[in-house]
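Please consult the sequence and structure shown here.

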Amino acid sequence: MTRFQRWCIGCNEYFIRPHITEDGTPFFRPVPPDVIVAKPNQDQPDKPVKICELRERIYQGRVTWCWDILSIEDPDFPYYRIALYQTAGEKEFGEDITEEVFGTRPEGEQYPYRDSSGRPVLPYVLYHASNTGRLFDTYHNIEVVRGSLTASVLYSFLVHSLRDASWPQRYAVNVGLPGSMNVEETQIGPRVAVPADPASIIAFEAINDLQPQIGQFAAGADVVALSEAIRDYELRLAQYAGLPASDVQRVGNQARSGYSIALSKSGKREAQQQFRSQFMKGDQELIALTAIMLNRETGSSLPESGYSIFYSAIPKSNSEIREDREQLEFELRLGLLGPLDAYRRLHPGTTLAQA
């Protein structure tokens, strides 16, 4: 789910489809939004009532792209259909192969996904990175996504510059190697082999009466300046994504060690708080839906609603704990804080009676 959350934030929306295996174990399959066509509820636009997922199935002995079409738009006649994918034509979907895949038509009373009250549900949970009141928010923060891809390209250029253009380019005019040097035969002709070593001296001789010249150009790329420019680009990109500049730290104090962008722990906690409510909503729906499907498939009697979730906070570092204690001692000395309040601040979740 840590990786899933990253995908959801990057795409703004992401789906999870629970499955119940033959032995009654829940399995959760992430579904990216680019293989989904969904229709929203008119009264609650951020909730789908029809989902069409493009996925691979084994049909007539070979892997075939198919549409899984599930609809609860009409609660009295929900359905689950399978249709072949087609690239062109007037019809929205290809041939209906539902009976060939399932052996029956799971629609109406035969629709398989219902809660204990008989109400049909979709076997998908749609997670939103932010509450927009819409089903999809495709282009929000797309600049950050494109910027991260640009940063990857810049790093590939940095590797190219480091490997191919980070040293001086030497040249020689009107000079050649002495004839006494070793000559090796190659596929394209003879080649003079010169052993080069930091302790050796390479001798040259003039090949005509013109003034010989030997020199070198400067390195083609300054990799230190280039890596610094990429780091600054990443810094601006992180700030554009909504991360405070004070929370973006520079790791490494030497150019040779490289640079990376890291969030301070306090910034991570703020980000955790920012996304907590949205992902808690999706997690609660996922737990409830899993309970519904388990009850349906295994005959269990799990509660189908009323679940609550507690997320563990990111632990504080030793320096942060020390700073908190010093601040508490300061407030206690001035009488700005009582011992019970100080204890509760050090131990979040403690009631006044427990303190």
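How much space lies in the largest cavity? In this predicted model, the largest cavity holds about 90 Å³ of space. The structure has one cavity of 30 Å³ or more.

**Cavity**
- The lining of the largest cavity consists of Asp-46, Lys-47, Leu-126, Tyr-127, His-128, Asn-131, Gln-278, Lys-281, Gly-282 and Glu-285.
- Two or more of the lining residues come from each of β7 (125–128) and α5 (265–298), and α5 gives the most, with four residues.
- By class, the cavity lining has two nonpolar, four polar and four charged residues.

**Largest pocket**
- About 1600 Å³ of space lies in the largest pocket.
- Its lining comprises 42 residues, of which Arg-6, Ile-9, Leu-243, Ala-271 and Phe-275 are the closest to its centre.
- The largest share of this lining, 11 residues, belongs to α5.
- The lining of the largest pocket divides into 20 nonpolar, 15 polar and seven charged residues.

**Second largest pocket**
- The second largest pocket contains about 600 Å³ of space.
- Among its 22 lining residues, Lys-47, Ile-72, Arg-119, Val-121 and Leu-122 are the closest to its centre.
- Here too α5 gives the most to the lining, with four residues.
- The lining of the second largest pocket has 13 nonpolar, two polar and seven charged residues.

**Surface patch**
- Tyr-171, Val-173 and Phe-217 form a nonpolar surface patch with about 270 Å² of accessible area together.
- Tyr-171 lies in strand β8 (residues 169–173) and counts as partly exposed because its relative accessibility is 33%.

Methods
Residues are numbered from 1 along each chain as its sequence is written. This is a predicted model: local features need pLDDT of at least 70, side-chain atom pairs count only at pLDDT 80 or more; totals for chains, interfaces and linings use all residues. Side-chain values use heavy atoms; hydrogens and water are left out. Patches are made of residues with over 30% relative accessible area and no salt bridge: like charges are joined within 9 Å, nonpolar side chains (Val, Leu, Ile, Met, Phe, Trp, Tyr) within 5 Å. Accessible areas come from the Shrake-Rupley method with a 1.4 Å probe; for residues, only the protein chains shown count as cover. A salt bridge is a side-chain nitrogen of Lys or Arg within 4 Å of a carboxyl oxygen of Asp or Glu. Buried means under 20% relative accessible area, exposed over 50%, partly exposed in between (1.4 Å probe, protein chains only). On a 1 Å grid over the protein atoms alone, a cavity is a set of points where a 1.4 Å probe fits but cannot get out, and a pocket is an open set with protein on both sides within 12 Å along at least five of seven lines; lining residues have an atom within 4 Å of a point. Grid points are joined across faces, edges and corners, and a volume is the space filled by probe spheres set on the points. Ala, Val, Leu, Ile, Met, Phe, Trp, Tyr, Cys and Pro count as nonpolar, Asp, Glu, Lys and Arg as charged, and the others, Gly among them, as polar.
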